[in-house]
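Please consult the sequence and the structure shown below while reading.

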Amino acid sequence: MNRVLALENAILEVIREQEGRIEERDESLNWESLHMTSCARLAWLMAEERDVDPELAACAAAVHDFGRILTGRQEGHAEAGYEPVKEFLTATRLFEDWQVEQIAEAVRHHSEKDRTGTPLMEVIKDADVVDCHQYGIPNALDGPDRKRRYHDWANRHALGF
């Protein structure tokens, strides 16, 4: 888990650097910090259940909203995060090139809740939906694909929603 913590600390530095740079953000930087760590924990647990590398999943979940952290905007943030997150991950020197690419692709496609991607992408999408719902984010379950993802997860864990 040391790589996850190291990555989260590096992201917190990026978040601190963003303070005051964008006057109006779609989500606060406080939310970005909370969502990053909470999604990473959920992704670790979900990855263990699905035979996906839990450390890689937690790292991908931690950076999945990198585009929104940088731009302040929800719209288009997944694609906007692709290149910057590759640069960021490479600069951390925590990952091999193939891992950087897998994480960056998960970032790029995490908003496509209606499409099936790699197992890593699916973990990130599900962790994102569950985390947003558990914190009461408006519109967290908007759309049939988000609802399906949440209900599938809840039913697997006998939450009965």
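The points that follow are grouped by topic, after a note on conventions.

This is a predicted model, in which local features need pLDDT of at least 70 and side-chain atom pairs count only at pLDDT 80 or more, whereas totals for chains, interfaces and linings use all residues. Residues are numbered from 1 along each chain as its sequence is written, and side-chain values use heavy atoms, with hydrogens and water left out.

**Helix α7 and its partners**

- Helices (DSSP runs of H or I with at least four residues) are numbered from the N terminus.
- Helix α7 covers residues 119-134, and its axis lies 8 Å from that of α2, at an angle of about 130°. Such axes are lines fitted to C-alpha atoms, for helices over the stretch in contact, and angles run from 0 to 180 degrees between N-to-C directions.
- α2 is therefore oblique to α7, because angles under 35 degrees count as roughly parallel, over 145 as roughly antiparallel, 65 to 115 as roughly perpendicular and the rest as oblique.
- The α2 and α7 crossing is right-handed; this term applies if the near helix is turned clockwise from the far one by less than a right angle.
- On the α2 side, the contact (heavy atoms within 4.5 Å) includes W31, H35, S38 and C39, and on the α7 side it includes E122, V123, I124 and D126.
- By class, the residues of this α2 and α7 contact are 11 nonpolar, three polar and five charged. Ala, Val, Leu, Ile, Met, Phe, Trp, Tyr, Cys and Pro count as nonpolar, Asp, Glu, Lys and Arg as charged, and the others, Gly among them, as polar.
- α3 also packs on α7, at an angle of about 50° and with the axes 9 Å apart, which means that α3 is oblique to α7.
- The crossing of α3 with α7 is right-handed. L56, A57, A60 and A61 of α3 meet L120, V123 and I124 of α7, a set of seven nonpolar, no polar and no charged residues.

**Helix α3 against α6**

- α3 packs against helix α6 (residues 97-109) at an angle of about 50°, with 9 Å between the axes; α3 is therefore oblique to α6.
- This crossing of α3 and α6 is right-handed.
- From α3, the residues L56, C59, A60 and V63 meet Q99, Q102, I103, A106 and V107 of α6. Seven of these contact residues are nonpolar, two are polar and none is charged.

**Cavity and pocket**

- On a 1 Å grid over the protein atoms alone, a cavity is a set of points where a 1.4 Å probe fits but cannot get out, and a pocket is an open set with protein on both sides within 12 Å along at least five of seven lines; lining residues have an atom within 4 Å of a point.
- Grid points are joined across faces, edges and corners, and a volume is the space filled by probe spheres set on the points.
- The count is one cavity of 30 Å³ or more, and the largest cavity has a volume of about 40 Å³.
- E32, H35, M36, A61, A62, H64, D65 and I69 line the largest cavity; α2 (29-50) and α3 (54-63) are the elements giving two or more residues to this lining.
- α2 supplies the largest share of that lining, three residues. The cavity lining has four nonpolar, two polar and two charged residues.
- The largest pocket holds about 270 Å³ of space. Its lining has 18 residues, of which E27, R68, Q74, C132 and I137 lie nearest the pocket centre.
- α2 and α7 are the elements that give two or more residues to the pocket lining, which divides into five nonpolar, six polar and seven charged residues.

**Surroundings of R146**

- R146 belongs to helix α8 (residues 144-156).
- Neighbours within four places in sequence aside, R146 is in contact with K113, V129, N139, A140 and L141.
- D114 lies 32 residues from R146 in sequence and 7.9 Å from R146 in space, C-alpha to C-alpha.
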